[in-house]
Amino acid sequence: MKLFKVVFAFLLLSAPGWSAPPVASTSKTFTFRIPGEPETLDWNRAHTPVETHLLMNLMEGLVSFDPALKIVPALAESWKVSPDAKTYTFVLRKGVKWSDGVPLKAQDFVTSWKRLLSPLTAASYAYFLFDVEGAEAFHQGKIKDFAQVGVKALNDSTLQVKLSRSVAHWLAIPTFWVTFPIREDLVQKFGNYWTLPGRMVTVGPYVLSEQDLESKVVLRPNPHYWGKRGNVDQVVALIVKDDTTAMNLYESGKIDFLADLATLDAKRLRSRADYKVFPYLKTAYLGFQTQVYPFTNPKIRRAVAHAIDRSKFAEILGGGQVAASSFVPPGILAHDAKLGIPYDPIRARIEWRAAGLTDSKPLKIEILLPNWEKAVTVAQFIQAELKKNLGISVDIQPFDHKTFRAQLDLGTFAMFEGSWAADYPDPDNFLSVFLSSSGNNRSAWKNSKYDEWVLAARNSRDLSVRKSLYAQAQDLLVQKDAIVVPLYYEPIVGLLRPRAKGLQLNPLNYLYLKDVRLD
């Protein structure tokens, strides 16, 4: 397999169809790798990590996070919160223009939020706005007139948002890309094709210049950007699915930043000066489709959880992984290192037999995953563990990024590899994934008690109350019903060329390139 990958990498690099950018050290082009074709650059609809680095440089929101994850002004220069913490009034920064020179208006946010909430958009993240007055009812079609939803442009520079209840973390919501403004005139003119180069307009530091299918995405400076920007005159996101090929491109000077290193590279490159470690609020997990046999039975889900030795991932993957306990990772309120179903093959067998299964009736189960090297390595370990401890035959089913996401949405595979990384640093962001109303809930599990606890915690401003409610919710999610098996937490490890100064990659995996200067 290793020899095949090396030969494949050589053929790919030398093939006539492969077009790499100029060598990074002799240009003002900053190049980084993304592991798959973006599913969409429509920021109302985007919902995968592949789009993150692109969208966070094309666009901005009302507010943003600084490196310490403190909320700071972005497109809004100021805001006020009512005494009951239910009304937010944002004043837009003066002089901000879209990349075509058109002034930014508060109505552009109203347009975006209406589109995000529209049932026709089918946005996975529509539930992020459900705390806005009337938003969930509009999404469900119970309210037809968007004027009844609590978001209004009071004038061109003032946006008012009314919540149905106070929410402890709500100011973090407009940091996330799904809430970024959109130009209604261009969406109406171009329909689903408004995101193409030459049609998309942005308010971030860069604009979309080129998008070559399965090859690269190119960004260039936004001539009307309101803020400061470094000296990068072109950003190239190379779409490189194969890890060996990506490493060859980095070593040959054609990539400046290579994140999320392959297992072997993460182990052997730790001592290099260009090896970087970035904190990351992320939980990798094994998910179950609770409507697909045999995982309709919680005993079988618990048996599988008991059968996997999560302490081995640090050794297997070599990128600073730590065995996971709770679904909420370290560094966030409600993380619990004592939570989780421990590795216990004996207990796994007890749960197995309690579900009515025996060795005379071996199961064969498929596991869905993206065809990335790390995901395959994890799947192979799970495959070996379940065979050894429960006699289960696991059939590994890797797909390219887009196909993997499509299959995940269909919900036909019994098990799947997943991960959740923070969109904002609050336990609600992790635990709201499994709400009955969540567009990101791929388990098909619904539990009214879980919903009650998570929503009550969201609406409380008492940290001790929130922590207690989240503890109950996680106990149900991870232990009693075992909807997911948290596998490991991990930082982002990568390689960064010394010539790139000022690069920021925060714990939300937001790659900010506006401060980058190339020597």
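So, what radius of gyration would a compact globule of 519 residues have, and what does the chain have? The rule puts a compact globule near 24 Å, and the chain comes out at 23 Å, which agrees. Before I go on, a reminder that this is a predicted model.

Okay, the overall picture. Along the principal axes, the C-alpha atoms fill a box of roughly 70 × 60 × 40 Å. For secondary structure we've got 15 helices and 23 strands. Of the 519 residues, 58% count as buried. And take the contacts between residues at least 6 apart in sequence: 70% of those join residues at least 24 apart.

The chain exposes about 20,700 Å², with carbon and sulfur atoms supplying 54% of that.

Now the charges. There are 63 positive and 52 negative ones, and their mean positions sit 1 Å apart. Side chains of opposite charge can pair when their charged atoms come close. Here the count comes to 26 salt bridges. Let me walk you through a few.

Start with Arg183 and Asp100, where the closest N and O atoms are 2.9 Å apart.

Next up, Lys374 and Glu490, bridged at 2.9 Å from N to O. Lys374 belongs to helix H11, and Glu490 is in the loop between strands S18 and S19, 116 residues apart. Lys374 is at 14% relative accessibility and therefore counts as buried. Glu490 is at 4%, so that's buried too.

Then there's one involving Asp519 and Lys501, with N to O at 3.9 Å. Asp519 is in the segment after strand S23, Lys501 is in strand S20, and they're 18 residues apart. Asp519 is exposed, because its relative accessible area is 59%, and Lys501 is partly exposed at 41%.

Methods. Residues are numbered from 1 along each chain as its sequence is written. This is a predicted model: local features need pLDDT of at least 70, side-chain atom pairs count only at pLDDT 80 or more; totals for chains, interfaces and linings use all residues. Side-chain values use heavy atoms; hydrogens and water are left out. Helices (H or I, at least four residues) and strands (E, at least two) are DSSP runs, numbered from the N terminus. The radius of gyration is taken over C-alpha atoms; the globule rule is 2.2 Å times the number of residues to the power 0.38. Buried means under 20% relative accessible area, exposed over 50%, partly exposed in between (1.4 Å probe, protein chains only). Contact means heavy atoms within 4.5 Å. Accessible areas come from the Shrake-Rupley method with a 1.4 Å probe; for residues, only the protein chains shown count as cover. Lys and Arg count as positive and Asp and Glu as negative; His and the chain ends are not counted. The place of a charge is taken as NZ of Lys, CZ of Arg, CG of Asp or CD of Glu. A salt bridge is a side-chain nitrogen of Lys or Arg within 4 Å of a carboxyl oxygen of Asp or Glu.
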